[in-house]
Amino acid sequence: MEEVKIGVYVCHCGLNIAGTVDVEEVAKYAATLPSVVVSRDYRYMCSDPGQDLIKNDIKEYGLNRAVVASCSPRMHELTFRNACQEGGLNPYLYEHANIREHCSWVHDDKKINTEKAKDLVRAAVRRVYHHEPLEVKEAPVNPNVLVVGGGIAGIQAALDIANGEKRVYLVEREPSIGGHMIQLDRTFPTLDCSECILTPKMADVGHHPFIELLAYSEVEEVSGSIGQFKVKVRKKARHIDESKCVGCGICEEKCPWKVPSEFEMGLAMRKAIYIPFAQAIPNLVTVDPDLCVYIQSNGKKCGACIKFCEAKAITPETLLNQTDQIIELEVGSIIVATGYDQFDPSVIPQYGYGKYDNVLTGLQFERMTCAAGPTGGKVLLKDGREPESVTIIHCVGSRDQNYHEYCSRVCCMYGLKYAHLIKEFTKADVYEFYIDMRCFGEGYEEFYKRLSEEGVNFIRGKVAKVTDQAVTEEEKGRLIVVAEDTLLGRLIRVPADMVILCAALEARADADKVASLFTLNRRADGFFLERHVKLDPVATPTDGVFIAGCCEGPRDIPDTVAQAEATAAKALSLISKGKITLESAIANVDETRCLGCGRCEEICTFHAPKVISKNGVMVSEINETLCKGCGACAVVCPTGAMLIRHYKPEQILNQVAALTEVL
Amino acid sequence: MPILESAVYVEMEVLSPYKEATEVMIEAGGEPLRLCYQCGICTATCPWNLVRGFIVRRIIHEAQLGATDFGSEEVWLCATCRACVQRCPRGVEIIDVMRAARRAVVSLGIGIVPDALRISAKNIAGAGNPLGEAPEKRGDWAKDLGVKKFSPGTEILYFPCCVPAYDPDVKKVSQATATILSKLGVDFGILGSEERCCGEAIRKAGYEDTFHSLAQSNINAFSSNDVKTVVVSSPHCYHTFKNEYPELGGEFQVIHITQYLAQLIDQGRLKFSKEINKRVIYSDPCYLGRHNGIYDEPRKVLQSIPGVELIEFPDSREDSLCCGGGGGRIWMETVKGERFSDIRVEQALEKGADIIAVACPYCFLNYRDSVLTMDKAEVIEVKDVSELVAEAM
Amino acid sequence: MNLEDIIQETKTYYCLECGKCSSLCPISRYDPQYSPRVMVENALLGLEDEIVYNKKLFSCLTCYTCQLKCPSDVDYPLFIQKARVLATAAGQHGDYAHSGTLQSIAMLMARSPLKQNRLEWLKKDGYRTSEKSDVMLFIGCSPYFEPVFEDIPMRTLNIAEASLKVLNSLGIEPLVHPDERCCGHDALWVGDVETFKKLAEHNAAIIKESGVKKVIFFCPECYRTFKLDYPNYVKLDCEVMHISELLAQRLETEGLRFNEVKKKVTYQDPCRLGRHLGIYDAPRKVLQAIPGIELVEMEHNREESICCGTSCFTNCDSYSKQIRVERLLEAKATGAETLITSCPKCQTHFRCAMVNKGEEKGPDIEIELMDLVNLVATSLGG
Amino acid sequence: MAEFEPQIIAFTCNWCTYAAADLAGTSRIHYPANVRIVRVMCSGMVNPMYVFKAFEGGADGVIVAGCNYTDCHYIDGPVKCDTMFARLKKMVLILGLEEERLRREMISTSEGVIFARVVEEMVEQLKKLGPSPFKIKMETLA
């Protein structure tokens, strides 16, 4: 081994250090330490002449280690590492001693401070003796991007990236993109039609040369890390020849088998072969294999669609033998925009959802007012009458510790929107039961004011129950909504023909699966966790994976779109740089000492270590792009095979030993 | 809090001058009280609003602001049925707030304790039972049944508590229970004169000290006799033994008689030989159901009695209507027209029930009184589940 | 002491370079860089640095396999022990396993005066001990092993408790000393003689002060150290005995009776108890005296027994893991449901080898492990 | 004889507690000079052997400090640190070390004052306790 030659530089920092530490004495003391060949003190080490001292000494004295005792390393460690590098020394052969924030500024006795500074310098010298040069590694970034989820968030993110002429794979598990937004009728507070603003974007996605749309598909497996993810996508069988189908819909018309439509929230039926809605992208039919009698009877019954398909897109072969395809993709970053589920209000027994016909959820009501919806845009009761009185209940499943504690953010506004639509479509009285009105966005408060002008009855109180047990004649045959009007301090019963529940938005039922697929973390409320709630809201703790829209928590369309654009910017900036710098101070396995016990694999939050079989011996291997150097694996390693570069035991133990030495 | 102080100043006459008492109350209600966001679901859930106005939400808000009116009758209304707590979106333990208000009145003398309650409380403190009966006669109900005194080594302690021990009518419940247990050869005993009121209701009525001394006395009696398992007839005993005694150092297994009977049926030990061909409607006691989540076992017992047709109230299980007897209300006067039990009896009649099956002595007393005052004794009976079981054996 | 002295003391100069040692050495079978023969050859060539600065110096298990078979009677384990003293003096040490906590604990135990809280486990249950007893039960480092091996999971105090239970049922109420220190076994064998001496002196002193006549061990390492090593450093006026010896003795003298335990078992000879001290029969006698126990032997047993793979919690590595895997596969091949050993460390190392928290699974080496004392305690406890 | 000045070694995570100590410095909050800080990247990186080394070297007290559960740069480092610390603590307690000599703290970036207070408090306690038992070499025996 080359002889270790250490240079020590003690900074005065003007009087910041020199005022309460005898820097000359510290420097003199440092010169007496083993392997120290030069020791100096200087007024401002961080200045250019200060840094030049180090660079010159590297040449003159052949220094191969350097220590600067000055301010906090959080301030200037990088400065001096760079100085070393410019002087021809590996930046990791440098160590910093903090004699300002941790010494001169916090104690007043000059003698004691000087002794403490000596201790800190001695420890740094001892530590740096054991430093090793580390390589700064870079890895290339694959310019393709995967977007998961084809709702408004995924659509927006995909378009932004594709418009930058980078390839996007957009994976959507339903037969068509559009998400929940395409189910909505109008959007608050502007009341523009959701379909009208969304379908052009959907069409753009459909024919964009840089977007490969994988609808009716699901991500099965993700491996690798930032810059080089490998993804397996299952493209589910539609049981038709996608290249031939023209989406004419004749098969759907002829198909005799029906179930309640998911898209219409059960308010209408769909066929066994179907296009979920008129503007679906891609415009292809999909066969529901569980419902299709031809498939269920193994080709013995029905087959109407085959007969009527002029394009020959449906054949016995496609119906019976078509299987799912696995598509393998390579991408550099991933945007997760998997959206939300609507809270199921049937778990709140007192609201009677599922028990009374005319108790509806928000999404059901959206379909009802939609001109293309099951009632042709009319607000109707189950028996076909028009309601004379409608009650809208806020905070159903949200702001309630029995269900979800969080505020669902959009319900106040969509509740107001319903009130407006009811006023527009019917002559009904509208009662809006709220706890607090939260109308925070652009034009939202104005919308609230407008609704007040329209004569909506606002009642402040949480509804206790919806019942059909009438007390008076007027109540008979209607639903009665019971609550305290907390402003009057009086219990009230409101007879209503229709009750609309502003159901909360909740995390997708399979959020745990998605989270483990993309190594995301979930908050207590089930939504995905951002890296920093304020300063890094669309990044996640997993580098290269970003989140947008309601999978991160309830939010409205403007916020969702803004977030989607933010994720696109993140992905594009990664592509634009083209490479990533890997952390150097990361874990490293000494394979001969490794038992392959997997403790490291178990403890690692970032999935960096993995036990593999090498020549029949089980050993752990570190994925260097995943490792963040937190060092938890080294603590649990039973043999000491796991080492964190730059934080090796001999480095820290020598520092500790030097600090505890009594002078 | 300058804003609040100025509010106090401006509206001095309506705000309570008993600041200390308010603090006591907030303390006993704990932090959840402060969590209330005034949605009013408690008010709209509270059964009192079926018969009169009782704005629970306002009481909570008054407590939050230190403006409770301790002189009001409202302090004494809550039957602690837990319907509101069950629905509260913020987890406010409203019953604790009510209890704390009463405690403030009782201990600080800043309001008026209803006469009937004061007498019962005095009796409990003195004689260990609200009826003022002689403590040494507490075991008399079992005189002719050959029930042994509990001694260390006995498997099960049967704890009837006050009403089933003394009330000439409700005695039937404890006697039926003892009969069943004896017939099945269960190794059980009673504490007799060593037993005291469990103290659950008197605690809810604000008599915290009385509760502590009763509980301590029972815990001492239990531990000196090496009691491990207690079977109770009253859900109120069940609740306090299970949820309140452990804090005072009383840890033992508590089983409600309906649970125990269901267990015996499961084990094949309890078999029936007679049919009861009646329509039986079961009323969930608040302290068995909402307070402790026991809904299925009593129904199971009733369903296994041959001939019984079990029917349900329009509001049952979690939504079951209270009889009005919890929280010390059993010792207070409820004017006619405001009795929940009357509504309950009407509901039962509407459903065509022959028997209202109860599993709580307070329910028993209230329904019995309602049936009598409504003059319906000919049409409908009130019976405890254990009575029905004893009959069918 | 220098290298020459060591060669003299351990009769290394007799070496014929026949290589029998290297062919038998369990480490050499897996680790091509380690060979006892080469080590000795280097010594004879006077290449001191090749020995002192060789990390592999700390790989030797001192399992005595080579020592028993050496045709020239070279005391290789002693050679290693002494060579490690030289290495330690040169600032060298092996790779400590388990973050070196066990070494640290031993080192701190060599400082005084300590107010150890090592008898917490005695506070529960109705164990009978006596401060005035003639017999002492030596607990060793068991109380410290508990937290160190919490995750394996290895409950060393179970063995201590069982030993006490067994002694109690034999009518012995032993002294369990609150200020016992580590026996110093590991310190001695890794070349830290200074620490070893302090520990030995302390233990000898407390034994002398308490006036016991006999010390019982359940750990063969403590036993070996007291029996063979202490006499070289301290004066010890008492009899020492492994608990399996005591049990075997009582079987003969008092017709000790056991209750039935139905189990097919195999037995791992700990190196210290077996090859170091020649005690192979006592534990087997005890096993066979328990009705219902079917003892089946592994392919390698008694003198040929394979070491559990690590020693002194030093240089535990992939080679030592492979030795353990081999041994566990051998145990499984017998068809036994339980592998019995009478050394807490064997059990710890085997348990550690069975830890498999990775997704990738190696060979199936899962087998129930139990100390002989625990089996006996179960049998006596009914 | 001068008053006994205890030696404290503090292992602090780079992101929170080290930064808190920096903040104490920039805010000129004075505290006793008895503490020496060893910077690690994460409190979950602190190996028991570091702490033992400090005690072997004669430290009178050791602090292991890092982020709060919610602030961790590595998501759940503090949880891992807790696990390590609980085991470590069991070992040193059996050895007879006084509980006050080994502290686990969570001090976030903004809590310079708390860092200073912890050091003050520990110095105070250690002065009462006197030197660490491990400082005393074994000479009085045998």
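Is Lys204(B) buried or exposed? Lys204(B) is buried, at a relative accessible area of 4%; buried means under 20% relative accessible area, exposed over 50% and partly exposed in between (1.4 Å probe, protein chains only).

A word on the model first. This is a predicted model, where local features need pLDDT of at least 70 and side-chain atom pairs count only at pLDDT 80 or more, while totals for chains, interfaces and linings use all residues. Residues are numbered from 1 along each chain as its sequence is written, chains are lettered from A and ligands numbered from 1 in the order in which they are written, and side-chain values use heavy atoms, with hydrogens and water left out.

View 1. Glu244(B) pairs with Lys204(B), with their closest N and O atoms 3.7 Å apart. That makes a salt bridge, because the term covers a side-chain nitrogen of Lys or Arg within 4 Å of a carboxyl oxygen of Asp or Glu. The two partners sit 40 residues apart and link distant parts of the chain, Glu244(B) in helix H13 (residues 235-244) and Lys204(B) in helix H11 (residues 200-204) of chain B. Helices (H or I, at least four residues) and strands (E, at least two) are DSSP runs, numbered from the N terminus. Glu244(B) is buried too, at 8% relative accessibility.

**View 2. A salt-bridge network in chain B.** Six residues are tied together here by salt bridges: Asp167(B), Asp169(B), Lys172(B), Arg368(B), Asp369(B) and Glu387(B). Take one link: Asp169(B) and Lys172(B) bring their closest N and O atoms to 3.2 Å. Asp169(B) counts as partly exposed at 25% relative accessibility, and so does Lys172(B), at 36%.

**View 3. A salt bridge in chain A.** Lys614(A) and Glu621(A) join their side chains in a salt bridge, 3.8 Å from N to O. Lys614(A) is partly exposed, with a relative accessible area of 31%, and Glu621(A) is partly exposed as well, at 37% relative accessibility. Over all chains, a search of the whole structure turns up 118 salt bridges.

**View 4. Where chain A meets chain B.** Here 20 residues of chain A are in contact (heavy atoms within 4.5 Å) with 19 residues of chain B. The buried area is about 1,600 Å², and carbon and sulfur atoms give 47% of it; buried area is the accessible area (1.4 Å probe) that two parts lose on being put together, summed over both. On the chain A side, Lys462(A), Glu484(A) and Leu491(A) lose the most area to chain B, together 30% of what that side buries. There is one salt bridge between these chains, and Glu484(A) turns up again in it, meeting Arg57(B) at 2.6 Å, N to O. Strand E25 (479-485) and strand E26 (490-496) of chain A each supply at least two residues of the side that touches chain B. Sorted by type, the chain A side has six nonpolar, seven polar and seven charged residues. Ala, Val, Leu, Ile, Met, Phe, Trp, Tyr, Cys and Pro count as nonpolar, Asp, Glu, Lys and Arg as charged, and the others, Gly among them, as polar.

**View 5. Where chain D meets chain A.** Among the four pairs of chains that touch, chains A and D have the most contacts. The contact takes in 42 residues of chain D and 40 residues of chain A. About 3,600 Å² is buried between chain D and chain A, with carbon and sulfur atoms giving 63%. The interface holds three salt bridges, and Asp22(D) with Arg74(A) form a salt bridge whose closest N and O atoms are 3.8 Å apart.

**View 6. Helix H12 of chain C.** The end C-alpha atoms of helix H12 (residues 193-210) of chain C are 26 Å apart, which agrees with the 26 Å that its 18 residues should span at 1.5 Å a residue; the expected span is 1.5 Å times one less than the number of residues. Its buried residues include Val193(C), Phe196(C), Leu199(C) and Ile207(C). Just after H12(C), Gly211(C) takes a positive phi of about 70°.
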